[in-house]
Amino acid sequence: MRLILQYLHRHIGIFLLSTLFLTMEAMADLLQPTFMSYIVDEGIADSDIGRILYYGAIMLFIALIGAISAVMRNRFASQTSQTIGKEMRQDMYHNVQQLSLENIDRLQPASIITRITNDVSQVQELINSIMRMMVKAPITCVGAIILILIQTPKQAPVMVGIIIIVAFLILENMRVGYPRFGTVQKKLDRLNGVTREFLSAVRVVKAFNAEAEETEKFDRASTELAAANVAALRIAAAFSPLINLTVNFGVVLLLWISKNQNSSEIGKLMASVNYMTQVLFAVTMISNVINVAVRAMASSGRIEEVLNERPAQQFPEHPLRPDIKGEIQFENVSFAYAGAGKEALRKINFKIEPGETIGIIGPTGSGKTTLVQLVPRLYDASEGRILIDGCDVTQIDEAVLRSSVAVCAQKVVLFTGSISDNLRWGREDACDEEIKKAAEAACADAFICKTENGYDTWLGQGGVNLSGGQKQRLSLARALLRRPKILILDDCTSALDAQTEAEVLAGLREHFEGVTVLLISQRISTVMRADRILCLENGAVQGFGTHEQLMKGCELYTKIYDSQIGGEQNGR
């Protein structure tokens, strides 16, 4: 609740205004039975039409005040809950953007999405309920009890007993329901994760005719969510009728105790029964809000976890802002992913001169992608140091470092929008000429010009209307548009044929001379064009040198060469 109160405090003015109108509405509801009793006991009993009309007019006026108050209360409650929901989502999203990949890996993207959407909705519902009912219910309940005691003082023992039983049932409802609603949110995380995984890999699923397996996974996650919801809602289904039964039993007792009521005070008895009904309504409202609160409290804890998450990476108070040239040096660098059983990289040492093109090759799982992710500090080394132009990357200003490094990942990420919009992710202020030059260097200009609207051609989500090779060339053009000092190409030409790949790499040398390039590839024909080659296996360096040097002194590199090129030549 602390988190919810913090956000409510930001809008305390509107909250208090809503509470004022809500109090007026509750008072209007409480006054109606009293004036009805006056009509019965003074007007009808004495056949006094004037009093009946007088008290009727007062009741009509009170009803009008109550209706206006209800409208205003609803307006302010909706405005506040929606505003707080918006702020909460913005704060979460902003904090997630500041987190490192290690934090994201731990929290899990599917869970973060659930927290930003569903969990915030639960909190919004609670805030709306608090401002619409939670404040009104106690006022109505306490006011009705006081008026019952004024109208019929003999009901005091009944009221005390009912209050004790109802309070016990509400507290027990909270105690039993809280952990169950926490489980519901976790099962929702799982369902979102399964859905997200299927939608991101729908082509692979269809290609392998695996719809049945994916359907089974979804059904299992959906069934678990339904079971968790049933277990949680079963609590409300048990306690709500018990609370209603308790209050209704109180109504029966009230009528039984009043069996010898003076006929001249029938109006007071009617008012007391009416107030008892209001107590029942108020207690039901409190019970419903408690159910919402239990679920919202579980959600607020999950939201607070995201808001309180701090980046795993630390940044210096006075960072360095060097004019980066492109020299890279690894000194005894080791790295292990959080929760992993072994290191992904072990004691890596090498140095790259500015403007060099370094090929990186090795078997799957050898640590190639992990190694290049350490350069722009997507992750931090567990041991050792990574130096750029002699400066430890952990001491360099994050904006300076990231603006000097461009990454063209193996998995291409394109966004819904035009081709030029996607390319400008590389640099927002790039002019059309600069965009075209980057596209030419990436051999993308030719196919872009053949599209219906050229650079204004609209791309579907993820570039769905492009081939794999076209998406890779756009991704490369976007990276080149940054004019980086260090360019990381993570197997980003795997979908290109050999001739196009050669043209792309030649374009890089021609248009972006002096850029340090880290070129990951599974093709030895690709890395052979590099100035030097880094050969990795099981997270360790097996060789570092030119093609000729590695052919003489690196057994792993020789095996890769023979399997891809040498074997074919010998076969001829």
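**Notebook: loops, a helix pair and a sheet**

I looked up Asp 491 and found it in the loop between β9 (486-490) and α17 (498-511), where helices (H or I, at least four residues) and strands (E, at least two) are DSSP runs numbered from the N terminus. I am working with a predicted model, in which local features need pLDDT of at least 70 and side-chain atom pairs count only at pLDDT 80 or more, while totals for chains, interfaces and linings use all residues. Residues are numbered from 1 along each chain as its sequence is written, and side-chain values use heavy atoms, with hydrogens and water left out.

Is Asp 491 buried or exposed? With a relative accessible area of 8%, Asp 491 is buried; buried means under 20% relative accessible area, exposed over 50%, and partly exposed in between, with a 1.4 Å probe and protein chains only.

I then turned to Cys 443, in the loop between α14 (432-441) and α15 (445-450). Cys 443 is not a glycine either, yet has a positive phi of about 55 degrees, and its relative accessible area of 18% makes it buried.

**Helix α1**

In helix α1 (residues 2-10) I listed Leu 3, Ile 4, Tyr 7 and Leu 8 as the buried residues. Seen down the axis of α1, they fall within an arc of 135 degrees, so they line one face of the helix; the arc is that of the directions from the helix axis to the C-beta atoms. The face turned away from this buried side carries the exposed residues Arg 2 and His 9.

Which residues make the contact between α1 and α3? I found Tyr 7, Leu 8 and Arg 10 on α1, and Thr 80, Ile 84, Glu 87, Met 88 and Asp 91 on α3, contact meaning heavy atoms within 4.5 Å.

I traced an open sheet of four strands in the order β2-β1-β4-β5, with antiparallel pairing; two strands pair if DSSP finds at least two bridges between them. Because β2 (345-352) and β5 (391-392) stand at the edges with a single partner strand each, one side of each is left without a neighbour in the sheet. Two bridges join β4 (residues 383-388) to β5, and Ile 388 has Cys 391 of β5 as its bridge partner.

Last, I checked Thr 357, which lies in strand β3 (residues 357-361) and counts as buried at 14% relative accessibility. Not counting residues up to four places away in sequence, Thr 357 touches Arg 509, Val 517, Ala 530, Asp 531 and Arg 532.
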